[in-house]
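Thanks for coming. I will go through one structure today, element by element, and keep it short.

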Amino acid sequence: MSVDVSHGNVAQQEIDHEQQFVDRVYRQLDQSTRNAEALAREGHGRARLGHEGGLVERDAMVFQAAKRIATLNAAHEGLVFGRLDLGQGPWPGDGPRYIGRIGLRDEHRDSLLIDWRAPAAAVFYQATAADPQGVVRRRVLRCSGPRVVGVEDDLLDPDDPAADALPVVGEGALMAQLSRARDRTMHSIVATIQAEQDRAIRAPGKGVVSISGGPGTGKTVVALHRAAYLLYRDRRRYETGGVLVVGPSGVFMRYIERVLPSLGETAVALRSLGEVVDGIRAARHDDPAVADVKGSGRMAELMRRTTRQAVPDAPSQLRVFYRDDNLVLGPRELARIRRQLLSQGRRNRQLPRVVPALLDAMWRQVGGERGRERGREEFDDTMLGTAAFVDFALDWWPPLDATEVLGWLRDPDLLGRVAQGVLSPEEQALLSASWGAEGWSVEDVALLDELRFELGDVPQRPANDRDAELEAVSDLFDGSVPELGTAADRVDRADRSGARPRPSTRTEDDFYAHVLVDEAQDLSPMQWRMVGRRGRTATWTVVGDPAQSSWPVPEESARAREEALGDKPRHEFHLSTNYRNSSEIYDFAARYAERVGLDADLPNAVRETGVQPAERRVADLRAAVREAVVELLDDVEGTVGVVVPTARRTQVEGWVQEWAGTSDDVAAATAGGSQARLAVLTGLETKGLEFDAIVVLTPDEIEAESVTGRSTLYVVLTRATQRMVTLTPA
């Protein structure tokens, strides 16, 4: 029979034995790094061959070497984490198989360490006591750097003859992992992935994989491991096309940023919803009522109408004398030309057609004999050399930037015109008040993306080359400056001074090979349109829990989601076990969800601490917060979150700064910036995060902040792994 050992000499002997193997792996890792560095040196040497082929070889060799070195360097922490001892089932072997973050071969090219994403490693996650799949003992190695500090065993097939010689050590890998104190970043779960999680990670690559489940079921980290798995299985496709990971906030993105590099993957773009659009970064959220308007699908029509308006303060009339004719383009004729141009495509894409359209309209007015006898060619040449005409064309139809166009809507009169029949007067007033001097909000980013899409790219070449002699002036509208005397000089000076915006040329084709959306239930319809544009040809991983939604009209968001995902095949995975919360904390949150009528997915919490959440009614809120913070910092080794209503955030942050000046414990907990043990957050900012302990300030106020406040408070109550204190004024 196998020996069950939690302490003592046998456990230490097993650790020492595993250390010998881990030492061997790290020696091979160092050798592989030296080999990659040698390849890089050889690649640089190819540049001295003196011909183009040598340069191409240099670039290829140096690039591949750099990738390999980055992968090897990222794998150092927890390089070896798993071992499989096999019996007489379908996976027989001559010795144990070791599983790691990357694959390594020894000096004889034999497999030394199996990459966790490889098919041969799948059984490490999929084997169970009910279906051992040939695995007798599964062992997880707990390491600190290159040092083995513990082992945790699962005996899956005690009836196999090989089991008699295998000691079984520890309390079980999963429960040991769940008890570990948190810091301010998410860690990989590569050593403790469970069977239902593994099925989602290794799901088919095509189409859309949806991962649902209640709080604490590991949806986010499973999705990130899936991204790493896809990169491993089809690296050419996903590295070439790129992988985009979209999360709810900058706080969340900093929390998850270490997971993929720790799995050996760096070819991934991590973007919060305020950073999805290139060149724009927003972290501030609008008030819920404003956010609800900006997120509505109705805003797409409002943005479309806005791009079709005349440029504010643009000239409304062109008057030029030619030969015997006074040529005038007034508001009515200019409006007709604008409609004509917009009927042919997006606004910026019509820039090369503006000059020909204006010249056509003016030529029709030429009626004098002297003008007509000279012909159209001389007329065009004369107009193109006339500063008044060139300046008018530039000012009447300039290249437009989305930020400039959204700024037009600060004018209540213009907003009223484009919003007629789309938004109520009350909604218009909310929008007008929101576009002040604070800069763009997270909710504005989707509107800016909609505008960029509706405006279109500035073409790199004139789209209409009907008349070659117009190409020089057309170049004024695609970013280059021809030699056109004084008028061109003025344009050139405007461009170089920054007076004339240069719209981004990357708006319509930001396609990725894979898009991962976390906290998907929170995306507004406009945000789904924004993300959907980047995944038109992509495979998708979509992660969410409807009960945690902060969007007030889920049916509208669901329609936008379906439009974004299109007709791609769907694969649904549901996670049912809560690994984050203690059962005491999650039962408290579940009772709240049932009491307020949330249709919540209630997973099974598998871990107990014996400590119930503390509900306190207090007379002095400031003193009570300090008492709870100091108490929890002393009780837990990891992070403590103080969750507050948005209106109280500045006040509570001020309290914490004061306490840091008078208390060594608080000072130590707030040191380290983003890695500090103690953090003050709003309810929405806790999305996707977890803490060892939390203090929830005035939960009734968090609930009352928005129409989805109950969902937000439910999220807050599921963030802690060990301890929770709620504080309500008496």
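**Sheet, hairpin, helix pair, cores**

I start with an open sheet of 6 strands, whose order is β4-β5-β3-β2-β6-β7 and whose pairing is mixed. Its edge strands are β4, at 104–105, and β7, at 147–155, each of which pairs on one side only. Please keep in mind throughout that this is a predicted model.

Inside the sheet, β3 (residues 97–100) runs parallel to β5 (residues 111–115), with 2 bridges between them. Gly 100 has Asp 115 in β5 as its bridge partner.

One backbone detail in a loop. Gln 133 sits between α3 (122–126) and β6 (135–144). Its phi is near 55°, which is positive although the residue is not a glycine.

A second case is Asp 313, with phi near 70°, again a positive value in a residue other than glycine. Asp 313 belongs to the loop between α11 (298–307) and β12. Is Asp 313 buried or exposed? Its relative accessibility is 82%, over the 50% cut-off, so Asp 313 counts as exposed.

Strands β12 (residues 318–322) and β13 pair in the antiparallel sense, over 5 bridges. Phe 321 is placed opposite Asn 326 of β13. There are 2 residues between the strands of this hairpin, and Arg 323 has a positive phi there, near 55°. As for β13 itself, residues 325–329, Asp 325, Leu 327 and Leu 329 form the covered face, while Asn 326 and Val 328 form the uncovered one.

Next, a helix pair. Helix α24 (residues 583–596) packs on helix α29 (residues 709–716) at an angle of about 170°, and the axes are 9 Å apart. Angles over 145 degrees count as roughly antiparallel, so α24 is roughly antiparallel to α29. Which residues meet there? From α24 they are Tyr 586, Ala 589, Tyr 592, Ala 593 and Val 596; from α29, Arg 710, Leu 713 and Tyr 714. By class, this contact has 7 nonpolar residues, no polar ones and 1 charged.

Last, the cores. The largest nonpolar core holds 69 residues, and those with the most contacts inside it are Ile 99, Ile 211, Val 245, Val 696, Tyr 714, Leu 717 and Met 724. Apart from that core lies another one, of 51 residues, including Leu 414, Leu 423, Val 442 and Tyr 512.

To take Ile 211 in detail: beyond its neighbours within four places in sequence, its contacts include Ala 200, Val 222, Ala 223, Val 542, Phe 573 and Leu 575. Lys 219, Thr 541 and Gly 544 are also among the contacts of Ile 211.

Definitions and conventions: Residues numbered from 1 in each chain as written. Predicted model: local features only at pLDDT ≥ 70, side-chain atom pairs only at ≥ 80, totals over all residues. Heavy atoms only, no water. Core = buried A, V, L, I, M, F, W, Y, C linked by side-chain atoms within 4.5 Å. Buried < 20%, exposed > 50% of the residue type's maximum accessible area, 1.4 Å probe, protein only. Contact = heavy atoms within 4.5 Å. Helix = DSSP H or I, 4+ residues; strand = E, 2+ residues; numbered from the N terminus. Pairing = 2+ DSSP bridges. Axes fitted to C-alpha atoms, helices over the stretch in contact; angles between N-to-C directions. Parallel < 35°, antiparallel > 145°, perpendicular 65-115°, else oblique. Nonpolar A, V, L, I, M, F, W, Y, C, P; charged D, E, K, R; others polar.
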